[in-house]
Amino acid sequence: MSDSPSAARRVLLILSGPALLLLALCLPCFGPLNARFGFGILFWMVWWWITTAVDIKLTCLVPIFVVCVYSYMPLGKVLEAYVHKEAVLIFGATAITSAWVRWGFAKRLALNFLMRVSGNVRAQTAGWFILCGVTSFVVGNTTVAAMFAPVAVASLMYAGFNTNEERWNSKAASNILIAVAWGASVGGMATPLGGGQSVVTYGLLNKYLGYNIYFIDWTLRMLPVSMLVVLGVGVMMYFARSWRSSAP
């Protein structure tokens, strides 16, 4: 019986996705019918994504579900988006990450880092930031945060910060977690594999410049900029006064 409210809430969240599509179809402000379908599918996918009502893999298939019910555009055009060359880049980065998780490489990398960096809070903060920043050169920022945040939290629990409230109220603990998030976000522009935003930018540049930008060309131009940004923000995090809190 205790599971019934949770099950009912999950069903409500799932049905709210198609309801948003129907709502968009009823609003002329979104333009012609095909445009309303586009907005409705967007709202549906965003809703399922932020509420985690279903597995994210099913969320990605919403356009296919809709086109099978109503042909708002040719089915072939919809399926082409799933095999686009930019999508293959994202798949490649995801495959790399899957191998890291399967064989524990990410955990070993993080633990090796903890062994080599001093217990000083400022050094830990800057170190986590640089580690996540460099890793996000070839892995999406969300994935980097998902890989390293649990290791950072485990190390903080070992240091005595056992609850979210304790970590939130401690400058030392919260700064280390902020460093993981910032680092995962900053390094994404170094290569086209650095996340969805890099892949989209890569595709748009290829389209509007009229020729293909090779992977090495992008990296040679953006890697120095990314390194400077990562090192600059890392130094700032190390020397900023707000990070001069002592470890417990």
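At what angle do helix H8 (residues 121-135) and helix H11 (residues 171-186) pack, and how far apart are their axes? The views below begin with that pair in this predicted model, where local features need pLDDT of at least 70, side-chain atom pairs count only at pLDDT 80 or more, and totals for chains, interfaces and linings use all residues. Residues are numbered from 1 along each chain as its sequence is written, and side-chain values use heavy atoms, leaving out hydrogens and water.

**View 1. Helices H8 and H11 pack together.** Their angle is about 20°, with the axes 7 Å apart; axes are lines fitted to C-alpha atoms over the stretch in contact, and angles run from 0 to 180 degrees between N-to-C directions. The two are therefore roughly parallel (under 35 degrees). The crossing of H8 past H11 is right-handed, that is, the near helix is turned clockwise from the far one by less than a right angle.

**View 2. Residues of H8 meet residues of H11.** From H8 come Val 121, Gln 124, Thr 125, Trp 128, Phe 129, Cys 132 and Gly 133, and among their partners in H11 are Ile 176, Val 180 and Trp 182 (contact: heavy atoms within 4.5 Å). By class, this contact has 11 nonpolar, 5 polar and no charged residues, with Ala, Val, Leu, Ile, Met, Phe, Trp, Tyr, Cys and Pro as nonpolar, Asp, Glu, Lys and Arg as charged, and the others, Gly among them, as polar.

**View 3. Phe 30, Phe 39 and Phe 43 form one aromatic cluster.** Rings of Phe, Tyr and Trp (its six-membered ring) pair if their centres lie within 6.5 Å, and the count comes to 7 aromatic pairs.

How values were computed:
Rings of Phe, Tyr and Trp (its six-membered ring) pair if their centres lie within 6.5 Å; planes under 30 degrees apart count as stacked, over 60 as edge-to-face and the rest as tilted. Helices (H or I, at least four residues) and strands (E, at least two) are DSSP runs, numbered from the N terminus. Angles under 35 degrees count as roughly parallel, over 145 as roughly antiparallel, 65 to 115 as roughly perpendicular and the rest as oblique.
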